[in-house]
Amino acid sequence: TSTKTQAIAAPLPSALATARVIDDLDRISYPDGIQSPKPELNVNAKQGKFRYDRDFLLQFMAICKERPDSLPPLDAIGLEPSEQSYAL
Amino acid sequence: QEVDMQAQADNIRTVFSDAKNFNVKTPSTFAPAGQGWMEDIKRVISFDSVEEFWGLYNNIIPPSSLPQKANYYLFKDNIMPAWEDEANKNGGKWSIQLPKDKNRLGVDKMWLYTMLAAIGETFDPTLTSSDPDATPQSLITGVIVSTRPSFYRISIWTRVAPSGAADDEKLRERIEAIGKNFKTSVLGYPESAKLSGPLATEVEFMSHKDSEKKGKQAKKIIV
């Protein structure tokens, strides 16, 4: 059927698009050498509203480098020497 | 090496285990609205995870490379970066102005650390209180960096601003704690440092309502 053809032709979704959001930090085990978020920041954290220390967050910098699919080319949004604003 | 049986059973893979085929991501509440956006501000992207934040960060230019007059805004929970937004209208901002010539090298790190404190929700020490009954709402609505021909400005916007009345002392203390944290942990200055000078200000707080009263004596908090 045509549905089947479409499914084959569609590009693989990126891990970012398919990964589910972590709902329990205690169930995540990080590899050796990667530190977890400081537990004292999350003693009363609500589900999905976690707090992360800077050292934890900085560990992602060297790994998550892929350009987001939804990021427009910067020249196309008028990144020129004039008053311009960009919401992240 | 200790093996986490539960994690194995769930087959949880963070980006650190498998940068290509991870299956969980680290939640973040920064997700600007896709509609009703302001004309002079272009919405670049919204994200809901730490992984996506870094993908963005690693693909856009830092403040030191922005044009002479530009702003980056990072706001959360669909809050618009405007005084008129419901979440901002009773609020105010901590800000610091830094002369460009002395801070070209430092501003990018200051802005990065400002964003990370916002995303990590570590500006406000009250939030991490170990009192199980204390579950206060975060006071931070967003952060901004501005470039101008001769200076940079970094601001943190808050939901509320202390009125100055005696019964507002608790809120004033909480707002001050955010300012002190901004000055020392995020910007890296000693608590006692005096920062004002040509084109430079102290770390200062002002309510949006006072900011609107141009010319009149506005109340500032300085840390």
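At 15% relative accessibility, B:Glu204 falls below the 20% cut-off and therefore counts as buried. Its partner in this predicted model is B:Lys220, and the closest N and O atoms of their salt bridge lie 3.4 Å apart. This pair joins distant parts of the chain, with B:Glu204 in strand E7 and B:Lys220 in the loop between helix H6 and strand E8 of chain B, 16 residues apart. B:Lys220 is partly exposed, with a relative accessible area of 45%.

Let's move on to another pairing. B:Lys76 and B:Glu121 form a salt bridge whose closest N and O atoms are 2.2 Å apart. Here 45 residues separate the two: B:Lys76 sits in the loop between strands E3 and E4, and B:Glu121 in the loop between H4 and strand E5 of chain B. B:Lys76 is buried at 2% relative accessible area, and B:Glu121 is buried at 10%.

With 13 residues (107-119) at 1.5 Å a residue, H4 of chain B should span 18 Å, and its end C-alpha atoms are 18 Å apart, so the two agree. The helix is mostly covered, as 12 of its 13 residues are buried, including B:Trp111, B:Tyr113 and B:Ile119.

One more stop: B:Lys25 forms a salt bridge with B:Glu52, at 3.7 Å between the closest N and O atoms. The pair links strand E1 to helix H2 of chain B across 27 residues, and both B:Lys25 and B:Glu52 are buried. Together with B:Asp48, they are linked in a network of salt bridges. Over all chains, the count comes to eight salt bridges.

Notes:
Residues numbered from 1 in each chain as written. Chains lettered and ligands numbered in written order. Predicted model: local features only at pLDDT ≥ 70, side-chain atom pairs only at ≥ 80, totals over all residues. Heavy atoms only, no water. Helix = DSSP H or I, 4+ residues; strand = E, 2+ residues; numbered from the N terminus. Expected span 1.5 Å × (residues − 1). Buried < 20%, exposed > 50% of the residue type's maximum accessible area, 1.4 Å probe, protein only. Salt bridge = Lys/Arg side-chain N within 4 Å of Asp/Glu carboxyl O.
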